[in-house]
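Please find below some points on the packing of this model.

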Amino acid sequence: MFRYTAEVLPYHDVPLDTALGELSGLGFTEVNLWSSAPPLAAHVNPGDDLPAIRAALRRHGMTACGLTCYGKDRVEVRDRLRLAHDLQIDTVVFDCEAHYPEFVSQFLPPLLDEAQRLGVRIAVENHLTVPFSADFESGTGEGQRWDEGVDSLAQIKRLLADLHHPNLGICLAPPHLWVMNESITEAIGYLSERGKLFYYYVWDIDHAYRRGVDGLNFGPGECQLPRPGGVLDHAVPFAALARAGYTGVASLKCHGTAGWPLERITRELRGADAYVRDCLRFARG
């Protein structure tokens with residue numbers, strides 16, 4: 001059975017130790033750390049005190065299951081591959097950080113070589129091809145979407161065909177598939193049978209989302225968290241993950257929590273977590 005974990009992302013405005021304590025209090029034992037550009041979380045970064053990070057994880061009974069680094073150039077991603085290796089993290093997540101032809105010809109190949117040398121996997125997220133900006137959560141940039149990226153299932157297939165590499169796989173993001181009118185279950189099956197499903201986000205989207213207008217504005221945090229009556233019935237993809245024999249990470253995630261007090265973040269995550277655990281019981285039969 002896959003492992004149910006959590007992203008540190010919703011706590012991007014609070015210190016790492018505090019965030020780990022809150023997630024541990026919710027019952028999580030694995031966490032995906034973030035090292036991304038503002039306004040996203042950057043709790044760990046190259047040059048940080050690694051013994052202190054390891055000590056904080058131990059103190060809260062947590063293991064780091066991934067490292068996400070959005071909005072970084074190739075050299076910065078390379079440095080984070082090395083950081084992941086030093087923290088004994090086996091998977092680094094980022095999206096298509098350049099126009100697709102450049103991404104597959106210049107951006108990814110040297111990173112894949114470095115990942116293989118380090119024994120770290122790269123999980124490329126299926127992601128709307130809106131150029132990264134500090135205000136992306138407001139929906140800015142929808143009019144500047146690239147015509148080629150890694151957002152549809154067809155483009156996922158193309159990436160894996162163009163760069164067939166043992167250290168390259170996909171981080172599957174359900175809201176982005178939903179925006180593209182794609183089947184999450186179909187994507188799970190395709191990737192699982194090829195051993196290319198490296199990471200899975202447990203994540204939803206606002207009912208009010210407008211395709212072609214709202215870009216990366218998936219709604220306020222509470223509308224991005226899995227919930228009864230949400231856009232997605234998460235029991236369905238969980239059952240697909242279980243049928244496929246997926247044993248990797250399924251990680252609770254949302255954006256849209258900037259400025260929230262600590263107590264609200266934890267309260268909203270607690271409610272989502274209760275719903276997700278109900279879905280997991282259904283998936284396990």
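**Notes on core and helix packing**

1. Of the 104 residues in the largest nonpolar core, Phe-94 and Leu-159 touch the most other members. Such a core is a set of buried Ala, Val, Leu, Ile, Met, Phe, Trp, Tyr and Cys residues joined through side-chain atoms within 4.5 Å, where buried means under 20% relative accessible area with a 1.4 Å probe, protein chains only. Helix 4 (residues 100-118) gives this core its largest share, nine residues; helices are DSSP runs of H or I, at least four residues, numbered from the N terminus.

2. The model is predicted: local features need pLDDT of at least 70 and side-chain atom pairs pLDDT 80 or more, whereas totals for chains, interfaces and linings use all residues. Residues are numbered from 1 along each chain as its sequence is written, and side-chain values use heavy atoms, without hydrogens and water.

3. The axes of helix 3 (residues 74-86) and helix 4 cross at roughly 15° and come within 10 Å; axes are lines fitted to C-alpha atoms over the stretch in contact, with angles from 0 to 180 degrees between N-to-C directions. The two helices are therefore roughly parallel, the term for angles under 35 degrees. By class, their contact (heavy atoms within 4.5 Å) has seven nonpolar, two polar and five charged residues; Ala, Val, Leu, Ile, Met, Phe, Trp, Tyr, Cys and Pro count as nonpolar, Asp, Glu, Lys and Arg as charged, and the others, Gly among them, as polar.

4. Helix 5 (residues 153-162) packs with helix 7 (residues 184-193) at about 10°, their axes 11 Å apart. That makes helix 5 roughly parallel to helix 7.

Key:
Parallel < 35°, antiparallel > 145°, perpendicular 65-115°, else oblique. Buried < 20%, exposed > 50% of the residue type's maximum accessible area, 1.4 Å probe, protein only.
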